[in-house]
Amino acid sequence: MARVLIVGAGLTGSLCAALLKKETARPLHLVVWDKAGDSGGRMTTANSPHNPQSTVDLGAQYITRTPHYAKKHQSFYDELLVHGILKPLTSPIEGMVMKEGDCNFVAPQGISSIIKHYLKESGADIYFRQCVTQINLRNGKWEVFKETASPEQFDIVVLTMPIPQILHLQGDITNRSSTGPMSSSEASLTAPFFRESTSETFIALGFYNTY
Ligand SMILES: Cc1cc2nc3c(=O)[nH]c(=O)nc-3n(C[C@H](O)[C@H](O)[C@H](O)COP(=O)(O)OP(=O)(O)OC[C@H]3O[C@@H](n4cnc5c(N)ncnc54)[C@H](O)[C@@H]3O)c2cc1C
């Protein structure tokens, strides 16, 4: 069974894991590593140490469905609405400029509940406090190094952290001349890299939101 590592347990990593589980015909062993102590990334929900019922969303606060997204991704919104993870935002927000046809949603259980939902659906093995530092190609497999513990080998690696953080990684993946030079301003672009010379795949994904 192919071993797939997804680096990053934010929205991109969690949704990628769920889609790989749902859409691929062959069974995959999915593993997610994140350097943080919990899932969410820039969609993290923090609990008060004094009252666990009291939460605050750090980063994203609401999700905007534009008419374009509604056309392309309605099934994603429907799934999250059916599970009660998203609810339409009905309260007015002072200063918010709404475009015609836009609809905003909030996550009553905290914005990170979206990520937790996708991670659960994926069935992936999830490990926190795993900071990836270096990726090398060794005998046809990707050898992934982390700050702590020994490196591990995978058939496919998907990087979902922001591109500036990808650029800090060491190892063979720094040889990505086929994609051309990148600047940190491309951090919010989806950027796929494929190593065509091998059967192994290294992909970098980014999630872009309009909000
Ligand atoms: C202040 C703020 C407000 C925002 N408000 C909104 C909003 O209202 N609505 C909206 O739709 N969007 C909003 N966004 C944007 C939204 O949060 C992001 O588009 C989305 O969360 C990005 O998800 P991601 O998974 O692509 O990246 P991230 O959430 O950044 O996930 C990347 C993950 O990779 C991990 N990682 C990084 N480097 C390594 C490494 N070397 N090894 C292992 N793991 C690593 C990180 O810990 C992180 O968990 C906001 C963002 C910010 C910062």
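**View 1. The whole protein, a predicted model.** Of the 211 residues, 39% are buried (under 20% relative accessible area; exposed is over 50%, partly exposed in between; 1.4 Å probe, protein chains only). You can look for 4 helices and 14 strands, which are DSSP runs numbered from the N terminus (helices: H or I, at least four residues; strands: E, at least two).

**View 2. Around D155, in the loop between β11 (152-154) and β12 (156-159).** D155 is buried, with a relative accessible area of 16%. Its side chain joins that of K141 in a polar contact of 2.6 Å. The D155 side chain also reaches the backbone nitrogen of R3, at 2.7 Å. A polar contact is a pair of N or O atoms within 3.5 Å; within protein, one must be able to donate a hydrogen and the other to accept it, and residues adjacent in sequence count only if both atoms are side-chain atoms.

**View 3. Helix α2 (residues 67-82) packed with helix α3 (residues 112-122).** Their axes lie 11 Å apart at an angle of about 100 degrees. Here F76, E79 and L80 of α2 meet I114, H117, Y118 and E121 of α3, where contact means heavy atoms within 4.5 Å.

**Notes.** Residues are numbered from 1 along each chain as its sequence is written, and side-chain values use heavy atoms, leaving out hydrogens and water. In this predicted model, local features need pLDDT of at least 70 and side-chain atom pairs count only at pLDDT 80 or more, while totals for chains, interfaces and linings use all residues.

Key. Axes are lines fitted to C-alpha atoms, for helices over the stretch in contact, and angles run from 0 to 180 degrees between N-to-C directions.
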